[in-house]
Amino acid sequence: MSAPPAGPGPVRPRRRFLVDTTPLREVPAFRGLWIGQSLAAVGTQLTVVTVGLQVYALTSSTFAVGLVGIFALVPLVALGLYGGSLVDAHDRRRVALLASLALWVLSLAVAAQAWAHLDSVGLLYGLVALQSAAFAVNNPARSAIVPGIVPAAMLPAANALSGMTNAIALTLGPLLAGLLVGTWGFQAAYTVDAVTFVAALVGVQRLPAMPPEVLAGSQRPGLRSVLEGIRFLGTRPNVRMTFLVDLCAMVLAMPRVLYPALGAAELGGGARTVGLLGAGFAAGSVLAGLFSGPLGGVRRQGAVVVGCIAVYGASVAGFGLVLVLAPAGQTGKLALCVALLAVSGAADAVSSVFRGTILQVATPDALRGRLQGVFIVVVAGGPRLGDLVLGSTASAVGEGLAALAGGTACVVAVLALARGQRGFVRYDAHDPRP
């Protein structure tokens with residue numbers, strides 16, 4: 001496979017403060033991929049919310065809605081690693097295209113069940129599981145494609161652009177779902193998703209053929225191939241640290257599980273407050289993306305990742321401290337909580353840019369699919385474990401103390417990891433070492 005220029009190359013002397021759109025202007029293949037994925041991401045979030053609304057409308061059960069997440073998570077975790085091995089064994093464009101076609105057909109099926117008024121919760125669960133399985137192949141393929149078409153010097157900017165649009169999708173999806181479902185019904189929301197996903201298909205279809213490089217001794221897709229990727233991860237501390245520090249944040253200090261209880265009691269306001277807290281985190285991510293221009297000039301990317309995770313943990317701890325110390329109903333309490341969550345969202349977004357860049361640059365092309373498969377498992381499983389950790393802690397000591405303890409534990413854990421792996425803190429974008 002023809003690769004983009006090796007190495008990060010010279011840093012451009014003049015950096016914009018706002019988001020760097022150079023990859024969109026100079027790399028047509030990335031531009032098409034990004035536009036398609038951005039539109040599809042909004043549609044995907046639209047469907048995620050709408051499925052929950054439809055399941056609740058059919059069952060009047062919050063537990064039934066919660067099961068949607070389980071049916072999505074299990075195939076994603078189970079097939080994430082295998083999907084990565086497929087990506088490393090076959091033409092990545094072809095894998096991404098076939099997986100995207102499967103996702104589009106499934107989105108049409110979801111819309112069809114709504115138009116046909118089948119009203120089957122079991123069918124919805126099954127379609128969600130199949131979509132998640134296809135995503136477990138599609139996402140590693142797309143992620144492995146990016147460093148093959150974007151020069152290494154532009155990867156931070158490309159990752160910032162992708163992160164920003166994902167945050168926008170997380171914000172717009174629920175808003176559009178409420179508007180479309182409330183006005184025209186479930187059918188309209190699902191149909192919009194199916195239509196917007198066509199752009200993702202076009203973006204992948206226009207890519208050149210991208211056969212992967214093959215390491216000596218590499219196996220065809222399967223367990224041995226997966227284990228080869230895991231063994232690589234076990235011997236490459238810098239790549240491994242990108243996963244470990246993310247788990248510190250997601251498992252120890254992911255506050256989203258606390259929002260419903262805070263809306264019901266501590267902060268009041270019900271669903272409106274829950275929406276504001278979630279929007280605060282997303283807004284921070286969007287703002288970080290909008291002002292991500294200088295990120296392309298950062299060399300000590302590992303140190304920035306550690307610093308950002310520490311800031312993330314500290315802001316979640318501060319969020320908990322406000323909940324503990326400020327009297328219920330005090331003017332400005334909700335605003336301060338939203339502001340602290342925005343800081344955590346911004347820190348997480350910047351960390352994500354460099355974690356993704358390190359993973360893409362420091363991993364050999366022949367193993368990128370499998371490492372992206374591990375990434376999918378971590379991204380999918382970490383927040384779910386975090387929900388369990390903070391949820392159980394909050395049940396024992398209350399929401400405020402749970403957030404304070406979780407955020408503090410995150411800071412301590414990431415600093416301990418950095419102390420134990422100083423090479424990650426010294427990681428140099430101009431001399432990337434796995």
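Visitor: I am new here. How should I read a pair of aromatic rings, and how many aromatic pairs does the structure hold?

Guide: Welcome! A pair of aromatic rings is described by how far apart the centres are and by the angle of the planes. This predicted model holds two aromatic pairs. One of them joins Phe-71 and Tyr-125, with 4.5 Å from centre to centre and 10° between the planes, and is stacked.

Visitor: Where do Phe-71 and Tyr-125 lie?

Guide: Phe-71 is in helix H3 (residues 62–89), while Tyr-125 is in helix H5 (residues 121–149), so the pair ties together parts that are 54 residues apart in sequence.

Visitor: Let's turn to charges. What is the idea of a salt bridge, and how many does the structure hold?

Guide: Side chains of opposite charge can pair when their charged atoms come close. In this structure there are three salt bridges. In one of them, the side chains of Arg-355 and Asp-246 meet at 3.5 Å, N to O. Arg-355 belongs to helix H13 (residues 333–362) and Asp-246 to helix H9 (residues 237–252), so this pair ties together parts that are 109 residues apart in sequence. Arg-355 and Asp-246 are both buried.

Visitor: Which other residue forms a salt bridge with Arg-355?

Guide: That is Asp-348, with the closest N and O atoms 4.0 Å apart. Arg-355 counts as buried at 5% relative accessibility, and Asp-348 counts as buried at 16%. Through shared partners, salt bridges join Asp-246, Asp-348 and Arg-355 into one network.

Visitor: What about the salt bridge of Asp-428?

Guide: Asp-428 pairs with Arg-299, and their closest N and O atoms are 2.5 Å apart. This pair also links distant parts of the chain: Asp-428 is in the segment after helix H16 (422–425), Arg-299 is in the loop between H11 and H12, and the two are 129 residues apart. Asp-428 counts as buried at 12% relative accessibility, whereas Arg-299 is partly exposed at 37%.

Visitor: How do I read two helices that cross, such as H6 and H13?

Guide: Look at how their axes approach and at the angle. The axes of helix H6 (residues 155–184) and H13 come within 9 Å and cross at roughly 130°. That makes H6 oblique to H13. The crossing of H6 and H13 is right-handed.

Visitor: Finally, where does UniProt place the feature "transmembrane region"?

Guide: The unreviewed UniProt entry places this feature at several stretches, including residues 95–116 and 400–418. In the model, residues 95–116 are 95% helix and 0% strand, with end C-alpha atoms 31 Å apart. Residues 400–418 are 100% helix and 0% strand, and their end C-alpha atoms lie 27 Å apart.

Technical notes
Residues numbered from 1 in each chain as written. Predicted model: local features only at pLDDT ≥ 70, side-chain atom pairs only at ≥ 80, totals over all residues. Heavy atoms only, no water. Phe/Tyr/Trp six-rings, centres within 6.5 Å; stacked < 30°, edge-to-face > 60°. Helix = DSSP H or I, 4+ residues; strand = E, 2+ residues; numbered from the N terminus. UniProt positions renumbered as here; feature names shortened; annotations may be inferred. Buried < 20%, exposed > 50% of the residue type's maximum accessible area, 1.4 Å probe, protein only. Axes fitted to C-alpha atoms, helices over the stretch in contact; angles between N-to-C directions. Parallel < 35°, antiparallel > 145°, perpendicular 65-115°, else oblique. Left-handed = near helix turned anticlockwise from the far one by under 90°.
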